Amino acid sequence: MSDGDVRLDGSMKRIEAELFIDGGNDAVVHMPGRQFPGVLVQGDSLHVLRSHVAEVVQACERGDLNEARDSVGLLLANVDALLARYEAALGEHEIPRPY
């Protein structure tokens, strides 16, 4: 086992999945048993998204709608980029959107 490997215990198992787009911090992956692919987001990137949501909530609680608008605009841009990559992967593989 190398330094980068993660040891699998009884609650995890190895599976094979189809990698449509490897994005580094996010990838479009088709998991076995699922009709449509999904987006795999790295934990640190997920934490960043959560932090952006928290900034919006905090700005709203302070009544700072300008800051909330700016923060949610950045969050929307990040989610739009994820969605665009997902839709591009579906298009490349001629898979209809699930929505």
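Hi everyone, and thanks for having me. Please keep in mind that we are looking at a predicted model. The mean pLDDT of the chain is 90, and 90% of the residues reach 70 or more. Going element by element, H2 has the highest mean pLDDT, at 95, while strand E1, residues 18–22, has the lowest, at 90.

Let's start with the layout. The chain contains three strands and two helices, and along the sequence they come in the order β-β-β-α-α. It has 99 residues, of which 21% count as buried. If we take the contacts with a separation of 6 or more, 33% of them join residues 24 or more positions apart.

Now to the helices. How do H1 and H2 run relative to each other? Two packed helices are described by the angle between their axes and the distance between the axes. Here the axes of H1 and H2 cross at roughly 155° and come within 8 Å. An angle over 145 degrees counts as roughly antiparallel, so that is how H1 and H2 are arranged. The crossing of H1 past H2 is left-handed.

Which residues meet there? On the H1 side we have Leu49, His52, Val53, Glu55, Val56, Ala59, Cys60 and Arg62, and facing them from H2 are Glu67, Ala68, Ser71, Val72, Leu75, Asn78 and Leu82. Sorted by class, this contact has nine nonpolar, three polar and three charged residues.

I'd like to pick out two of these residues, one from each helix. Leu75 sits in H2, which covers residues 65–92. Is Leu75 buried or exposed? Its relative accessible area is 14%, and because buried means under 20%, Leu75 is buried. Leaving aside residues up to four places away in sequence, Leu75 touches Leu49, His52 and Val53. Take Leu49 from that group: Leu75 and Leu49 are 26 residues apart in sequence, yet their C-alpha atoms are 7.0 Å apart in space.

The other residue is His52, found in H1, residues 43–62. With a relative accessibility of 16%, His52 counts as buried as well. Again setting aside residues up to four places away in sequence, His52 touches Leu75 and Asn78.

So that's the tour, and if you take one picture away, let it be H1 and H2 lying roughly antiparallel, with Leu75 and His52 touching each other.

How values were computed:
Residues are numbered from 1 along each chain as its sequence is written. This is a predicted model: local features need pLDDT of at least 70, side-chain atom pairs count only at pLDDT 80 or more; totals for chains, interfaces and linings use all residues. Side-chain values use heavy atoms; hydrogens and water are left out. Helices (H or I, at least four residues) and strands (E, at least two) are DSSP runs, numbered from the N terminus. Buried means under 20% relative accessible area, exposed over 50%, partly exposed in between (1.4 Å probe, protein chains only). Contact means heavy atoms within 4.5 Å. Axes are lines fitted to C-alpha atoms, for helices over the stretch in contact, and angles run from 0 to 180 degrees between N-to-C directions. Angles under 35 degrees count as roughly parallel, over 145 as roughly antiparallel, 65 to 115 as roughly perpendicular and the rest as oblique. A crossing is left-handed if the near helix is turned anticlockwise from the far one by less than a right angle, and right-handed if clockwise. Ala, Val, Leu, Ile, Met, Phe, Trp, Tyr, Cys and Pro count as nonpolar, Asp, Glu, Lys and Arg as charged, and the others, Gly among them, as polar. pLDDT is the predictor's confidence in each residue, from 0 to 100.
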